[in-house]
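Here is a short tour of the structure you have open. Keep the 3D view at hand as you read.

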Amino acid sequence: MSQQVDNIKPSYPLFRDQEYKDMLARKRDAFEEKHPQDKIDEVFQWTTTREYQELNFQREALTINPAKACQPLGAVLCALGFEKTMPYVHGSQGCVAYFRTYFNRHFREPVSCVSDSMTEDAAVFGGQQNMKDGLQNCKATYKPDMIAVSTTCMAEVIGDDLNAFINNSKKEGFIPDEYPVPFAHTPSFVGSHVTGWDNMFEGIARYFTLNHMEDKVVGSNHKVNVVPGFETYLGNFRVIKRMLKEMDVGYSFLSDPEEVLDTPADGQFRMYAGGTTQDEIKDAPNAITTLLLQPWQLEKTRKLVENTWKHEVPKLNIPMGLDWTDEFLMKISEATGQPIPASLEKERGRLVDMITDSHTWLHGKKFAIWGDPDFVMGLAKFLLELGCEPTHILCNNGNKRWKKAMDAILESSPYGKDCTVYIGKDLWHLRSLVFTDKPDFMIGNSYGKFIQRDTLHKGKEFEVPLIRIGFPIFDRHHLHRSTTLGYEGAMQMLTTIVNAVLERLDEETRGMQVTDYNYDLVR
Ligand code: SF4
């Protein structure tokens, strides 16, 4: 046996031992009906051609390697951002297992979320009884101060009515009348995780404010509200709070999972930690204004804030990169009358210095990028500021209006002229694009590693390295703690991107007596 008790090998390199190679070959021959290797190679090569790309882009009824997740995932993240709140999903247990593991793998934290485990009988007769028992059990077992309910596909397909179900549960005494149970319908066959976040936030805000507006006066609490949207970089919560503190602006972060997704290992399990309080959300209409950090994904939230809270929502882009962070700070200054302090001006100057230092290495470098609408737009804008050239921008959950705005941004810069924007496409489409029109790098989530592997399989000169910025990041550690917003976020992203470029250059110039004339100590 190649596995020895005093020398335990992990699966790699264990499976490279001859014994395992032989075993795997026998398995393939006996059970897998494997196609001949030359046929596999031929088909692989064909999938890298323009002919295949054209067929691939005609695909309608199938998604391969999707560039989005489903609505309730976003609803769960939104609910986690409220103090002592249990996200509750009305529907199948398997869906909730998926949401929890998705966040576990990204944040490396336990993630609390319950399901009322609808099975075949509930799918036929409706999930009313599941809801009654589920709310009662959840409240008794986990003792939250609020339960935030969303739905899976199954509950939506059969048309379960959350409002009626929750009211009935209250009327029949399964939970007290006054106990807060905001809800949102989150059907996964429309929209994506960002829509689910927006729906859940609107549901919570509606629950606490819609019928309580009589005593509210815009500006009376002298604060600004900040609504993050589907945000998975913990550093982004911290940087926005820091900038507001430096400006001496009072704020309420509406949905703030920064603590619960980053609890310390000190022997105490915290099911709940931090988060927006019920008092804060009740008081939110009294703020001066509400800042939507990811406006493209917060359409329902915007409507509620404008129509119910009567706030003038500033027209802002995600505060990513130099220009849009400037815009964000100036807008806050305008709304609150607070000046932008010297500390932030100095930080801005440092970012400009960094951009200048790295410009020679980044100028003209080509990037394929993908992710959610605001993230992708902010990243593309920042790449243009750096003199980089986005070539393929893929945003599955962007709409036509978003694409038009994205195209206008690209047209405004000489570096954006060769870029094409794709909406409603998946990462198998992107795979075709990077084979037929090769960028220097890809920027996106962990799923891009399969595209990198495939491009490398075709040959080293075809390889498109992946820079991991986005969600989810499963295969590298602690990146969710980074920052992508504000000047600080721009500094961190710039550092990641330029060092990936330099790492690649080193890799290409290590050839002894061949390319090492450019293997320089100083870059
Ligand atoms: S798409 Fe539907 S079935 Fe699949 S995990 Fe999401 S809610 Fe569940």
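## A walk through the model

Helix α2 covers residues 18-31, and its 14 residues reach 20 Å from the first C-alpha to the last, close to the 20 Å expected at 1.5 Å a residue. Just after α2 comes E33, which takes a positive phi of about 45°. Please keep in mind that this is a predicted model.

Next, the sheet. Three strands form an open sheet in the order β2-β1-β3, with parallel pairing. Because β2 and β3 stand at the edges, each with a single partner strand, one side of each is left without a neighbour in the sheet. Strand β1 pairs with β3 in the parallel sense over six bridges.

| Strand | Residues |
|---|---|
| β1 | residues 85-90 |
| β2 | residues 114-115 |
| β3 | residues 146-151 |

Take M406: leaving aside its neighbours within four places in sequence, M406 is in contact with M377, A380, I393 and V421. In soluble globular proteins, nonpolar side chains tend to be buried together.

Finally, which residues surround the ligand? They are C70, P72, C95, Y98, T152, C153 and S188. This shell divides into five nonpolar residues, two polar and no charged.

Definitions and conventions: Residues numbered from 1 in each chain as written. Predicted model: local features only at pLDDT ≥ 70, side-chain atom pairs only at ≥ 80, totals over all residues. Heavy atoms only, no water. Near = heavy atom within 4 Å. Nonpolar A, V, L, I, M, F, W, Y, C, P; charged D, E, K, R; others polar. Helix = DSSP H or I, 4+ residues; strand = E, 2+ residues; numbered from the N terminus. Expected span 1.5 Å × (residues − 1). Contact = heavy atoms within 4.5 Å. Pairing = 2+ DSSP bridges.
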